Amino acid sequence: MDFSKNDRQAFEEKYQEIIPTVPKAGKNAKLVLPDGREVDLPIIESANGPNVIDIRSLYQQTGYFTFDPGFFSTASCVSKITYIDGEKGELQYRGYPIEELAEKSNYVEVCYLLIYGILPTKEELVKFEEKIVQEMLVHEKLIEFFKGFKTGAHPMAILTGVFGALSAFMHNDLNIYDPKDRELAAIRIVAKLPTLAAIAFRTANGLPIVYPQKKYGFIENFLYMMFANPTTDWKISSEIVKAIDVICILHADHEQNASTSTVRIAGSSLANPFACIASGITSLWGPAHGGANEACINMLESIGSVDNIAKCIEMAKDKTHNFRLVGFGHRVYKNFDPRATIMQKICHNVINVIGKEEPLLDLALQLEATALRDDYFIQRKLYPNVDFYTGIIYKSIGIPKNMFTVIFAMARSVGWVSQWLEMMSETGIKIGRPRQLYVGHTPREFVPIEKREPEEESRVPPLHGDDDILGSIKLG
Ligand code: ACO
């Protein structure tokens with residue numbers, strides 16, 4: 001089953017464009033330790049963006065680790081896929097600006113670009129989409145898993161479980177060392193996610209499952225599986241299909257964010273890729289990441305009226321609360337999120353097409369304007385992120401709140417798997433294994449149970465957090 005050395009060579013020659021290699025180091029950075037020792041650390045130049053100090057030999061040379069919770073200053077891999085300049089508000093997939101892709105491309109073409117590193121010809125694109133649509137069907141046995149979830153289960157919980165279960169169907173014949181098998185796994189991951197997402201929605205609502213159709217494209221098929229009624233003809237406006245397509249382009253990849261890093265770390269142990277994607281889905285779910293679209297609508301609904309905006313802003317600034325303005329702020333973007341700018345335009349278009357006023361849009365616009373005038377948000381460079389407007393778009397299309405993050409997962413699946421493919425294309429994959437700064441007890445003597453004295457205060461530390469969580473706001 002092993003991928004031979006000759007195969008490897010042929011693969012490397014053919015796919016030079018997408019296999020990332022660590023560039024040769026240039027100058028050194030000098031580190032002076034408290035004991036006077038001097039250590040030279042190589043500086044590696046990036047193709048774009050900050051260069052890095054290569055600290056791979058730091059521990060061996062000095063006995064020190066570095067400390068960087070949240071990875072504020074740590075590059076965990078080399079990558080050729082996505083570039084972000086957070087100060088300038090720039091996002092590029094394989095060198096193409098997101099604005100251009102949103103205007104001139106479509107989601108399936110972007111999937112091709114992310115996976116293969118190049119834009120397809122017309123023929124390649126048609127074949128690729130046909131292949132994806134063909135792979136949208138799922139094993140009938142897998143559908144039985146949906147029956148096991150209780151009514152009202154969150155679709156993200158269902159998706160995490162069922163997507164992980166896909167690995168049971170695609171394991172024995174999958175050789176992760178063979179690029180052809182990896183390619184097929186990638187196509188299947190992108191293809192099966194919308195089907196499972198739609199089945200999660202339909203079974204949760206007691207609706208019959210609708211199967212994908214060859215005559216529809218990828219995005220149309222997703223909407224068809226979500227909304228078609230088997231007894232009537234299905235129609236959808238091309239503007240809505242286009243809006244969802246662009247939303248998916250905007251969410252397709254975002255370099256080493258929490259969920260993508262999760263997929264890479266899971267994959268670094270050489271685990272099954274379908275299981276790795278399930279770990280990405282889990283990480284995405286939280287309101288600080290992909291769950292922000294649902295949390296943002298919850299927040300806007302709780303604010304309810306423009307009269308409450310000032311109070312909400314005060315709460316977001318108040319450090320005694322955990323509450324944050326959901327849909328605001330980003331680890332990387334410190335000027336504006338280019339995806340949010342496009343998203344705001346789509347939001348207006350969709351509301352025009354639907355022809356029904358959306359009171360939450362007016363509220364969101366006023367909330368944004370108020371926050372952007374406030375010193376707290378100005379000083380911390382907090383701007384609307386991609387998820388500030390997405391929820392309003394989904395809501396006006398009739399997509400239920402608990403499906404918002406599911407759609408994000410569907411769109412991001414290609415980013416996750418492209419990053420996994422990239423990692424797997426490298427030689428000498430290193431298992432992801434961070435270090436820690438240990439601050440616990442030094443060795444101490446074990447006390448036998450009969451000698452342990454009861455203490456006045458409860459010995460069990462509180463494991464619960466504060467009352468408010470991200471996105472839950474009580475203004476009353
Ligand atoms: N509302 C109020 N204050 C905020 C917000 C916010 N939305 N975001 C950050 N801050 C404040 C922090 O309290 C902190 O203030 P301090 O310096 O006085 O302590 C400062 O800004 C920096 O915040 P950090 O938490 O250090 O920033 P980080 O890069 O770790 O967090 C994050 C980024 C998680 C996105 C954060 O901005 C946030 O929680 N936003 C709200 C949730 C959200 O919209 N998430 C979606 C992100 S986009 C995506 O994942 C698809």
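**Notes on helix packing, domains and the ligand**

1. Helix α15 passes helix α18 in a left-handed crossing. The model is a predicted one, and the points that follow should be read accordingly.

2. Two packed helices are described by the angle between their axes and the distance between the axes. For α15 (residues 338–354) and α18 (residues 387–397), the axes cross at roughly 20 degrees and come within 9 Å. Angles under 35 degrees count as roughly parallel, and α15 and α18 are therefore roughly parallel to each other.

3. Which residues of α15 meet α18? On the α15 side they are Ala340, Met343, Gln344, Ile346, Cys347, Val350, Ile351 and Ile354. Their partners in α18 are Phe388, Tyr389, Thr390, Ile392, Ile393, Ser396 and Ile397. By class, this contact of α15 with α18 comprises twelve nonpolar and three polar residues, with no charged residues.

4. The domain assignment divides the protein into domain 1 (19–90), domain 2 (96–289 + 411–425) and domain 3 (297–396). Between the C-alpha centres of domain 1 and domain 2 there are 33 Å. Domain 1 gives ten residues to the contact and domain 2 gives 14 residues. On the side of domain 1 that touches domain 2, five residues are nonpolar, three are polar and two are charged.

5. How many residues surround the ligand? The number is 20, and the closest are Ala292, Arg324, Phe328, Gly329 and Arg331. Sorted by class, the shell around the ligand holds nine nonpolar, seven polar and four charged residues.

Methods
Residues are numbered from 1 along each chain as its sequence is written. This is a predicted model: local features need pLDDT of at least 70, side-chain atom pairs count only at pLDDT 80 or more; totals for chains, interfaces and linings use all residues. A residue is near a molecule or strand if its C-beta atom, placed from the backbone, lies within 6 Å of it. Ala, Val, Leu, Ile, Met, Phe, Trp, Tyr, Cys and Pro count as nonpolar, Asp, Glu, Lys and Arg as charged, and the others, Gly among them, as polar. Domain bounds come from an automatic or database domain assignment. Two residues are in contact if their C-beta atoms, placed from the backbone, lie within 7 Å. Axes are lines fitted to C-alpha atoms, for helices over the stretch in contact, and angles run from 0 to 180 degrees between N-to-C directions. Helices (H or I, at least four residues) and strands (E, at least two) are DSSP runs, numbered from the N terminus. Angles under 35 degrees count as roughly parallel, over 145 as roughly antiparallel, 65 to 115 as roughly perpendicular and the rest as oblique. A crossing is left-handed if the near helix is turned anticlockwise from the far one by less than a right angle, and right-handed if clockwise.
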